Each structure stands twice: as structure tokens, then as C-alpha cells.
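Colleague: I am new to this structure and would be grateful for a close look at a single part of it, the contact between the two protein chains. Please also set that part in its surroundings.

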Protein chains: 2
Amino acid sequence: MLESLFLNLGQHDSLSDDEKTLLGDLMAGERHFAAGQDIVASGSRPAYSTLVLDGLAARYKVLADGGRQFTSLQVPGDFVDLYAFLLKTMDHGVIALSPCRVILADHSKLRSITERAPHLTRLLWLDTLIDGAIHREWIVAMGRRSKVSHLAHLFCELFVRLEVVKRTNGMSFHLPVSQAELADVLGLSVVHMNRVISALRNSGVIAWANHTVTILDWQKLQQIAEFDPTYLSMTREPR
Amino acid sequence: MLESLFLNLGQHDSLSDDEKTLLGDLMAGERHFAAGQDIVASGSRPAYSTLVLDGLAARYKVLADGGRQFTSLQVPGDFVDLYAFLLKTMDHGVIALSPCRVILADHSKLRSITERAPHLTRLLWLDTLIDGAIHREWIVAMGRRSKVSHLAHLFCELFVRLEVVKRTNGMSFHLPVSQAELADVLGLSVVHMNRVISALRNSGVIAWANHTVTILDWQKLQQIAEFDPTYLSMTREPR
DNA sequence: GCACCGAAGTATCAAATGTTAGCGCGCTTT
DNA sequence: AAAGCGCGCTAACATTTGATACTTCGGTGC
């Protein structure tokens with residue numbers, strides 16, 4: 001059940017059986033959300049953090065003019081709001097982009113982990129740090145990459161992250177989002193998003209149909225994206 | 001000497017004297033950097049993390065075409081690379097934008113804090129979480145705000161952050177960056193950066209000369225920026 | 001005092017991106 | 001089967017943003 005969490009945390013450093021047991025005690029209370037539902041509401045003060053077991057979720061903010069911007073995409077094995085444990089107040093919302101199965105981690109139990117399990121605490125801390133590293137990469141993509149390169153970079157990142165939790169199928173992965181939602185990831189208008197997708201398709205490196213992205217030329221896709229996975233910390237070493 | 005660190009961490013929850021002593025033991029080895037110098041090199045694996053005592057620093061990435069994007073600005077009291085303690089490898093650089101005085105925190109000592117001082121560990125963790133919250137706000141600003149609003153938001157954020165560590169002077173603060181450097185913050189060309197600055201100046205809410213920004217109309221600046229400081233977690237509560 | 005230089009600011013034109021509107025397709029609902 | 005609807009896609013035009021080149025200004029060194 002927590003396999004994707006173990007795969008996610010375990011890619012950075014080894015997880016002992018005791019730590020897996022602690023995580024098993026921590027995570028309790030499965031919930032289901034339909035596509036489009038809020039998993040966590042902006043402005044709330046949750047008493048627990050949420051882990052994605054299945055589905056795709058996203059953090060977002062909405063501006064006064066109605067504009068929406070996603071600030072991250074969350075795949076199985078990701079905590080969508082682990083930081084709420086210390087940040088306390090949600091300054092943004094988390095939405096289910098596809099039907100999501102999630103499981104909860106009580107903040108009181110998280111606190112006791114920080115009191116008693118320093119190594120596991122560091123791994124959870126690390127998880128939030130990688131979140132930050134991904135944010136930085138997104139900032140660079142938004143500021144200085146061409147839009148096509150930005151999209152290519154997003155696909156590289158998603159493919160690699162999904163591969164870690166065994167949610168890829170050969171060179172394909174499921175991406176249950178509309179072009180309008182993707183536009184809210186890249187910060188573009190829907191029309192221009194469509195242009196950018198067309199351009200990437202026409203370059204022959206990806207195919208995208210039926211909510212499934214297939215990477216046709218992994219080498220060239222990485223090249224277009226200038227993708228360097230260092231920021232995902234995918235090496236196993238003592239932390 | 002560590003006053004700005006205490007002000008920074010202490011704004012979120014109370015710091016005990018013991019914890020201040022621990023921090024005093026942790027931070028050792030002052031360094032100076034001239035404007036333009038790298039404080040931390042991209043690709044390095046530092047054995048310590050760096051706290052800004054004085055000056056302005058920034059994280060950045062450089063792309064193949066030479067384009068540079070800053071991903072954060074660091075003011076006194078900020079760790080520029082606390083995450084390197086667990087991330088291990090720097091996937092980006094940190095540069096001094098003005099002459100910087102910094103002090104170092106050995107990763108081995110940080111580790112022992114995580115083993116022995118859970119509350120202080122949570123506060124340090126929190127510090128990196130706020131980093132992430134700022135990143136998310138920047139992503140929203142880059143994706144969905146107008147450029148003038150983005151700049152206004154940046155000024156709001158800087159003013160508030162500098163106020164916490166007592167580096168404001170009335171409604172003014174020192175901002176030792178060129179327009180070209182600011183363009184690398186917002187992800188704009190220098191020419192357009194100049195247009196955006198002119199627009200904000202002409203709206204009469206700020207003045208900016210001699211590397212000093214003065215907020216002429218705080219109310220209206222916040223309005224233009226749609227600034228909501230929730231993401232900076234500036235409330236003192238048990239963490 | 002004068003030459004030099006980096007940064008700010010401006011003008012002009014080109015390219016990227018947004019807005020509005022509309023079409024067609026496949027799916028669901030009735 | 002027909003109507004309705006979300007979504008992908010396109011066209012035409014407006015606006016924003018970038019590239020290049022040039023001027024101005026203030027400081028700095030000779």
C-alpha cells in the first residue's frame with residue numbers, strides 16, 4: 001500500500017524496516033477525491049498531511065482576475081502538503097487533477113517522529129527540500145527557457161519522477177490533464193499552449209493522445225529541455 | 001552577531017536560550033565575498049551551509065544560451081544553502097550581489113542538532129519550508145501576474161523580509177542591484193525591465209534611486225501586487 | 001579638466017504571446 | 001437519434017515582450 005512512498009523516500013537513502021514500520025503507523029485514513037475536487041483548501045489549517053497513493057494532484061493559487069497558476073504536480077508517493085506540518089496555514093490549495101486515492105499523516109504523529117527518529121525526520125525533510133528544488137527548476141523554466149523547452153522539461157521531469165514509483169509504461173506515462181490545465185502549469189494562454197504542444201509534437205520527440213504521453217526520442221527531448229536530473233537527488237547516499 | 005538569524009527564526013516560534021547557544025556553537029567561520037563573487041559553486045558538494053550576516057545574495061542557474069535566472073534573493077538572517085545539508089550536491093550557484101559577510105554551519109554539527117534538538121530541527125526545517133513557499137509565490141508571479149504586479153510583489157516581499165531583520169529605514173530599503181540583475185529575477189529582457197520599472201515609478205507608489213527603494217504608497221503597492229504575506233509565516237506559534 | 005566606462009533610459013522594428021471568435025469531433029444525456 | 005457540451009484546434013488581430021542600436025548621465029581614473 002505504501003509501496004510508492006517507500007520507493008520515493010528509499011531512492012535517496014536506505015529505509016530500515018523499523019522506519020517502514022514507523023511510516024506504516026504514521027499513515028492512516030484513506031480518502032478518495034474525484035477529479036476537480038479540492039484535496040486541501042487554501043486558508044485551512046490541516047491537522048494532517050496528505051500522501052498521494054494513486055492519481056495526479058496539483059498545488060495552485062488563484063488570483064483576483066481569476067487566473068490560476070499551478071505551482072507543482074504531485075504523483076503517487078508524493079506528500080502534497082507535508083510542509084503544512086510546520087507552516088500551519090495553507091496559503092494555497094491542492095486539487096485532484098484525476099481521481100485520487102490518498103492517505104493521511106497526523107501532524108501529532110509527525111511531531112513524534114521528529115522527537116524520536118532523527119534519520120527518518122531527515123528523509124522527510126529531504127522530501128520537502130526536493131519539492132523546493134523542483135520549484136527552483138520551474139522558476140528557471142518559466143523565466144529563461146523557451147516555451148517548447150519548458151514543456152519538454154516538464155515531460156522529462158514527470159517521466160523520471162513517475163519511473164521512480166513505477167508508474168511508467170515503457171516510454172509512456174499517463175497524463176490526465178487538459179491543455180487548459182497544462183496552460184495553468186506553464187503560465188500560458190490556452191491558445192498558445194496549443195501552439196507549443198503542436199511545435200513539440202511536430203519536432204517528433206513526443207506523442208500525446210488519450211491522456212498518454214509517449215516519448216519517441218528521449219535523447220532529443222532531454223536536449224531540447226536541457227534536462228539535468230541532479231535537482232531530483234536520485235542518488236542513494238547517507239543523509 | 002547572529003542577531004538577524006535569531007530575529008528570522010524567532011519570528012515563527014520562541015527560541016530558547018539553550019537553542020541560541022546551540023546556534024552559536026553551530027555557526028563558525030566568518031567569510032567575506034565581493035559583489036559578483038560566487039559564494040557557493042554549482043555542482044559542488046559543500047561540507048557546510050552558509051548564513052548571510054550582511055549583504056544581498058542570490059541563487060541562480062545559467063542556461064546553455066547564457067541566460068541567467070535568479071531563483072531567490074537572500075537577505076541577512078537567511079541561510080543561502082541550508083538544504084545542501086541533505087541535498088548534498090548543489091544543482092545551482094549562489095552569488096553575492098553586494099559585498100557579503102557570511103558565517104558557516106558545519107553539516108556534521110547540523111546533523112547532531114537533528115539527533116539531539118528536535119524543536120530547533122523543526123525550526124530549521126521550517127526555514128527551508130518558507131524558502132519553498134517563496135518559490136511558489138515566485139512561480140505564481142512569473143506565470144500569472146502582470147510584470148508590473150510581479151515587480152510590486154517583489155518589493156512588498158523584500159520590504160517585509162528586511163523589516164523582520166531590521167534592515168529597513170522607515171519605508172525605504174537598500175537594493176544593491178542593477179536593472180540587468182533585476183531582469184534576471186523577473187525573467188525579462190533589460191529593455192523591458194526598464195519599461196516595467198518606469199511604469200511602477202510613474203504610478204507613484206515607489207521611488208528608486210541610488211540603490212535605495214522607497215515605498216511612497218504602501219497600501220497601493222500591496223494592491224497592485226495583490227500581496228498577502230501569509231506565505232512568509234510571520235506568526236509566532238508552537239511549531 | 002578630460003577620456004572612459006558602466007548603467008539607465010529611449011527609439012524602432014521584429015517576434016512572441018494573448019484575446020476573441022468560431023469550427024469540428026467525440027462523448028454524454030435525454 | 002438529437003441536443004448539448006467539453007475539449008482540441010485554428011484564424012485574425014491586438015498587445016506584450018525582445019533585439020538592436022543609440023543617447024545620456026554620473027562616476028572614476030589619468
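**The contact between chains A and B**

Modeller: In this predicted model, the contact draws 42 residues from chain B and 42 residues from chain A. On the side of chain B that touches chain A, at least two residues each come from strand 4 (57-62), strand 5 (68-74), helix 3 (84-87), helix 4 (107-116) and helix 5 (118-144). Helix 5 of chain B provides the largest share of that side, 18 residues. Sorted by class, the side of chain B that touches chain A holds 15 nonpolar, 14 polar and 13 charged residues.

The surroundings may begin with the nonpolar cores. The largest has 139 residues, and those with the most contacts inside it are A:I39, A:A57, A:F155, B:I39, B:A57 and B:F155. Leaving aside residues up to four places away in sequence, B:A57 touches B:I39, B:V52, B:Q74, B:V80, B:V94, B:I95, B:A96, B:L97 and B:C100. Another core, of 10 residues, lies apart from the largest one and includes A:I139, A:A141, B:I139 and B:V140.

Helix 7 (179-186) and helix 8 (190-202) of chain A, and helix 8 (190-202) of chain B, each supply at least two residues of the surface near DNA strand D. Helix 8 of chain A gives the most to that surface, with four residues. By class, the surface near DNA strand D comprises five nonpolar, six polar and one charged.

Conventions. Residues numbered from 1 in each chain as written. Chains lettered and ligands numbered in written order. Predicted model: local features only at pLDDT ≥ 70, side-chain atom pairs only at ≥ 80, totals over all residues. Core = buried A, V, L, I, M, F, W, Y, C linked by C-beta atoms within 7 Å. Buried ≥ 20, exposed ≤ 12 C-beta atoms within 10 Å, placed from the backbone. Contact = placed C-beta atoms within 7 Å. Nonpolar A, V, L, I, M, F, W, Y, C, P; charged D, E, K, R; others polar.
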